[in-house]
Amino acid sequence: DLLTEGVFAPAGDGDVHIWPCLDASGRAVVIIELSSPHGEALLQAASRDVCDFLQTAFTLVPLGAEDLQVDVDRTVAALLASED
């Protein structure tokens, strides 16, 4: 949801912020800012590529049906357990 919102208007939640912008050549891009206590990253992707990615993702997993495809809580718990 955050990526979809950030393609068209500034969006952010906690350590992730996304906003549309123009690059030095005037092309539409999406800026993704990630921050954590361990560092920061500023990423740039062509808006067209992000929209293509989102369209493919929504085709595979319709918006609102994510919980039917992946058990997010179990996946996050497994990821966190692997850090120990």
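S47 lies in helix α2. The model is predicted. In this model, helix α2 spans residues 47–60 and lies across β3 and β4. Those two strands belong to an open sheet of 4 strands.

- S47 counts as buried because its relative accessibility is 12%, and the cut-off for buried is under 20%.
- The side chain of S47 reaches the backbone nitrogen of V29, at a distance of 3.2 Å.
- Leaving out residues up to four places away in sequence, S47 touches A28, V29 and V30.

**The sheet**

- The strand order is β1-β2-β3-β4, and the pairing is antiparallel.
- The edge strands are β1 (11–13) and β4 (39–46), and each of them pairs on one side only.
- From one strand to the next, the twist averages 20°.
- Strand β3 covers residues 28–36 and pairs with β4 in the antiparallel sense, over 8 bridges.
- Within this part of the sheet, I32 stands opposite L43 in β4.
- Helix α2 runs at about 90° to β4.

**The nonpolar core**

- The largest nonpolar core has 6 residues: V7, I18, V30, I32, V50 and L54.
- I18 has contacts beyond its neighbours within four places in sequence, among them L2, L3, G6, A9, P10 and A11.
- The contacts of I18 also include V30, I31 and I32.

**The salt bridge**

- The structure holds 1 salt bridge.
- D23 and R27 form this salt bridge, and their closest N and O atoms are 3.1 Å apart.
- Side chains of opposite charge can pair when their charged atoms come close.
- D23 is buried, because its relative accessible area is 15% and buried means under 20%.
- R27 counts as exposed, because its relative accessibility is 53% and exposed means over 50%.

Definitions and conventions. Residues numbered from 1 in each chain as written. Predicted model: local features only at pLDDT ≥ 70, side-chain atom pairs only at ≥ 80, totals over all residues. Heavy atoms only, no water. Pairing = 2+ DSSP bridges. Axes fitted to C-alpha atoms, helices over the stretch in contact; angles between N-to-C directions. Contact = heavy atoms within 4.5 Å. Salt bridge = Lys/Arg side-chain N within 4 Å of Asp/Glu carboxyl O. Buried < 20%, exposed > 50% of the residue type's maximum accessible area, 1.4 Å probe, protein only. Core = buried A, V, L, I, M, F, W, Y, C linked by side-chain atoms within 4.5 Å. Polar contact = N/O pair within 3.5 Å; in protein donor to acceptor, adjacent residues only side chain to side chain.
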